[in-house]
Amino acid sequence: MSDVVIRVENLCKEYRLGTISHGTLYQDLQSGWAKLRRKEDPNARIGSINQEQLNNTSDRFCALKDVTFDVRQGEVVGIIGRNGAGKSTLLKIISRVTAPTKGTIKIKGRVASLLEVGTGFHPELTGRENIFLNGAILGMHKGEIEQKFDEIVAFSEIDKFIDTPVKRYSSGMYVRLAFAVAAHLEPEILVVDEVLAVGDAQFQKKCLGKMGEVAKEGRTVLFVSHNMAAITSLCSRVILIEEGKLKRDGKGSSIVSEYLSVSRSIPKSNSLINHPNRTKGYRELLTFFLIDNDKPVAYFGEPLVIKIGYNFPDIIAVPQFVISFHNLSGMKVFTIISDYQTNDIPASLHGKGEITCRILCLPLMPGDYFINLQLWQPGQKLDEIENVTEIQVEWVNRNIGQFNWDSGMGVIYVDADWHWRRE
Amino acid sequence: MKPGFSKRVTSMPDNDNSNWTMEIRSRSGWFDINLSELWRYRDLILLFVRRDFVAYYKQTVLGPLWFLLQPLFTTVVFTIIFSRIAQIPTDGLPPFLFYMSGTVAWTYFASCMTQTSNTFITNAGIFGKVYFPRLVVPIAVVISNLIAFAIQFGLFLAFLCYFYLTGADIHPNGWLLLVPLLLVQMAALGLGMGILISSMTTKYRDLVMALGFGVQLWMYATPIVYPLSQIPAQWQWLFALNPMTAIIETFRYAFLGSGAIQPWVLGVSLTMTILILAVGIVMFSRVEKTFMDTI
């Protein structure tokens, strides 16, 4: 068995929330002076009986709680978890940006961390000068950078502008240069945050390709990402962090699917009776379900089943159930309308019932969306609930992501047949 | 083998020969500054120096000329106000040279101090994303200020030669050999004060405001616009506590051959400098590990 190169033991990180001191020296001195004379602190918040007690209980937040794991030489470990679970804090401690509150991390070998590309780039300096500066910040020696300089320039494809100040670069050139430097680091252990995965799709592909290359060379990689496809294709091992605790640790695909099914859960049933987003006066629609093979998760490219329960005290002639999907910038992506798409629903409805709508293949690119629900009679809106629920569309667990579809290519995916013919 | 040690070994797996290159733990100890690591990052120090210098004069019209204009104007203003109008004596030295020697030396110290004092705040962006020994940044500042000092010092030397050749009453002497040491001491003092303040500004932002004012007060508490010999004997001890007093007086004495320095004042100054630098480094190394959580 190969060597353990990172040993994390009982790692805890505690943040104090709110104001730690009063922020100004004057107020701190004032409070200190008051304490000395056993008087009331003039800067204490009114109503707080005991400032000390307050500090000890509610103002602390544990980002990491007792995390322990080992990483062996050559492993590519993906770290997943929801936003705020503590992944980035863990990376920050490993890359020594901040210190843990308790516990230790022991490391064998040189660590390079890429929490951002282009750290320390100075706009006034030329590309050449920035390569050296950025390389040195990331921990390379001058000799190493000189040795790899030509490679870096070739990789970045900006050799013509290498002596131009980077403030004149396009943002694409800037990112390419920054990534080129990062890609030529040769540490024993590489720590990468998902921040790397921003930028256009081509850039992402390049990043991930380079990561795969690094992994093949037998170096140890820690990789934080929300891109489950990248995680499953790159990582031999996945660590799931939930609320600061190490939840699962093991083979990639099984943990990813567990994470997707459990932690991304969408409530199965939403009663609409007291829905806050309902336009007042309407009371026709009762319930709204999202059902996907018993797992309430919306997957890109997969079917999505929606059920709507209704109770119509009066007869509704020609009811139209309208469901629209919106992205977070408010754009309506598509609308489905029962009356236009089916003859299965009777021309008049009365009493209680349930409508089932099955989207055959969800064309939404992974991301967050919200759903609006309306009930119409021709020419008349009977009920409307805006943002009836938010859904998170995820990659399907099968490895579609090797093609690197991403939201940067648009909001929807269109299936197409491609043919080729020799002339 | 101590019992505590053996217990620790048995708690680890057998294949672990425990030659870890690095151990990350919560901040502990008062003086864990890693000098060998700092040395490993010497390339970065030089690159920061280069960046500071290039970035500074790329954004100005007159470029490095500013380094000359600033002490020149200050000296002229001091000569007019303190010598001509207030008629403060200058130990029989040409007032222009007297003020210029003080200004050039003081400027180096003051800019080292003010520019290192906001290390954490101005570099929060880089510090939050990547690790390197944080002391690299203030050390680079101190070195890049040395470039400005060299230019200004050259100006001072030019005037010194001019006055010497025109027969002014000045006597450069053997104390000149001490000048490089004085420079090191000024750098150390500026660095020490700067990192001390920068460690406190992560918590108290208003110290930055007080700093500009404080530097000015400190300058007037240092014999720059007046000679130390003008201070009554019973207050000399107070001036000796100011580490800059001895530095400025010695600097001036070495080039101009007039002044009132006593060896014990130099000793006090040196002790103060070492003390301030040590406290500065301790504070800095305590703050550097967790300041990202508070800033």
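Colleague: Which residue of strand 2 of chain A does E14(A) stand opposite?
Modeller: This is a predicted model, in which local features need pLDDT of at least 70, side-chain atom pairs count only at pLDDT 80 or more, and totals for chains, interfaces and linings use all residues. Residues are numbered from 1 along each chain as its sequence is written, chains are lettered from A and ligands numbered from 1 in the order in which they are written. Strand 1 (residues 4–16) and strand 2 (residues 60–72) of chain A run antiparallel, joined by nine bridges; strands are DSSP E runs of at least two residues, helices H or I runs of at least four, both numbered from the N terminus, and two strands pair if DSSP finds at least two bridges between them. Within strand 2 of chain A, the residue opposite E14(A) is C62(A).

Colleague: Which residue of strand 4 of chain A stands opposite I6(A)?
Modeller: Strand 1 of chain A is also joined to strand 4 of chain A. They run antiparallel, with five bridges. Opposite I6(A) stands I107(A).

Colleague: What is the bridge partner of T104(A) in strand 1 of chain B?
Modeller: Strand 4 (residues 102–107) of chain A pairs with strand 1 of chain B. The sense is antiparallel, over four bridges. For T104(A), the partner is R25(B).

Colleague: Which element gives the most to the side of chain B that touches chain A?
Modeller: The contact takes 38 residues from chain A and 33 from chain B; contact here means C-beta atoms, placed from the backbone, within 7 Å. Strand 1 (22–25), helix 3 (42–58) and helix 14 (291–294) of chain B each supply at least two residues of that side. With seven residues, the top contributor is helix 3 of chain B.

Colleague: How many residues of that side of chain B are charged?
Modeller: Count by class: Ala, Val, Leu, Ile, Met, Phe, Trp, Tyr, Cys and Pro are nonpolar, Asp, Glu, Lys and Arg charged, and the others, Gly among them, polar. The side of chain B that touches chain A has 14 nonpolar and six polar residues. Its charged residues number 13.

Colleague: What is the bridge partner of A298(A) in strand 18 of chain A?
Modeller: Two bridges join strand 12 of chain A to strand 18 (residues 380–394) of chain A. These two strands run parallel. The partner of A298(A) is V393(A).

Colleague: Why is G102(B) classed as buried?
Modeller: G102(B) lies in helix 5 (residues 95–116) of chain B. It touches I224(B), I248(B) and R252(B), leaving out residues up to four places away in sequence. A residue is buried if 20 or more other C-beta atoms, placed from the backbone, lie within 10 Å of its own, exposed if 12 or fewer, and partly exposed in between. G102(B) is buried because its count within 10 Å is 26 other C-beta atoms.

Colleague: What span should helix 12 of chain B have?
Modeller: Helix 12 (residues 243–256) of chain B has 14 residues, and 14 of 14 are buried. The expected span is 1.5 Å times one less than the number of residues.

Colleague: How many helices does chain B have?
Modeller: Of its 295 residues, 36% count as buried. The C-alpha trace of chain B spans about 80 × 50 × 35 Å along its principal axes. Its secondary structure has one strand, and the helices number 14.

How values were computed:
Two residues are in contact if their C-beta atoms, placed from the backbone, lie within 7 Å.
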